[in-house]
Amino acid sequence: MPEATSAVVIGAARVTVAYALLFVVFVNIQLFAKVASARKHRAAKKAGKTEAAYNRYDTSRDLTLHVADRIVGNYVEWASVFLATFWLCVIVTGQGLVEGWIYVIARALYPLLAFYGGVTLQGAKPLIFLSTVPGYGCLISLFLRLLPFIW
């Protein structure tokens, strides 16, 4: 079995730090969207345009908040799969850095594509696939690299 060299482990640590930093950016996008949504609701209430209480979890009428929630939600949904598969591949095979960086880049594109029409109140649109499909391809590649070593 190949060994992960210290250079490969350091490379994997860099991928992981970059990936973690994306999460911080994404949560801040979500926070700004939430604050903007709450301000918009307060202004509408003050102007007498709504009587309803503000519900942060009802994103059915606020596209910005909906998109921001999907950015964080999609990240969280796939984070454990990516990190586990990536690190197993690095440790067991000494490979996977290319897939790791491509995955991070694809994930970084998600908010841009989501805000430019890839995510709507009706759901995902084909534009978002420019981020998700390469990410899924990386996960499949990592699994395929790993499988011969563990079965």
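**Entry 1**

Helices here are DSSP runs of H or I with at least four residues, numbered from the N terminus. I also remind myself that I am looking at a predicted model.

**Entry 1: the largest pocket**

I looked up the largest pocket, and its volume comes to about 320 Å³. Its lining is made of 14 residues, and those closest to the centre are Ser37, His41, Tyr54, Asp58 and Arg61. Which helix gives the most to this lining? I found that helix 1 does, with four residues. Then I sorted the lining by class and got five nonpolar, four polar and five charged residues.

**Entry 2: a salt bridge at the pocket**

Asp58 pairs with Arg61, and their closest N and O atoms are 2.8 Å apart. Asp58 has a relative accessible area of 30%, so I noted Asp58 as partly exposed, between the cut-offs of 20% and 50%. Arg61 reaches 70%, and because exposed means over 50%, Arg61 goes down as exposed.

**Entry 3: the other salt bridges I followed**

My next pair was Glu99 and Arg145, whose closest N and O atoms are 2.5 Å apart. Glu99 lies in helix 3 (residues 97–118) and Arg145 in helix 4 (residues 129–150), so the bridge links parts 46 residues apart in sequence. Glu99 is buried at 6%, whereas Arg145 is partly exposed at 30%.

**Entry 4: a look at Val72**

Last, I picked out Val72, which lies in helix 2. Its relative accessibility is 10%, so Val72 counts as buried, the cut-off being under 20%. What does Val72 touch, leaving aside residues up to four places away in sequence? I listed Phe23, Phe26, Val27 and Gln30. I also looked up Pro111: Val72 and Pro111 are 39 residues apart in sequence, and their C-alpha atoms are 9.2 Å apart in space.

Note on methods: Residues numbered from 1 in each chain as written. Predicted model: local features only at pLDDT ≥ 70, side-chain atom pairs only at ≥ 80, totals over all residues. Heavy atoms only, no water. Salt bridge = Lys/Arg side-chain N within 4 Å of Asp/Glu carboxyl O. Buried < 20%, exposed > 50% of the residue type's maximum accessible area, 1.4 Å probe, protein only. Helix = DSSP H or I, 4+ residues; strand = E, 2+ residues; numbered from the N terminus. 1 Å grid on protein atoms, 1.4 Å probe; cavity = no way out; pocket = protein on both sides within 12 Å on 5 of 7 lines; lining within 4 Å. Points joined across faces, edges and corners; volume = space filled by probe spheres on them. Nonpolar A, V, L, I, M, F, W, Y, C, P; charged D, E, K, R; others polar. Contact = heavy atoms within 4.5 Å.
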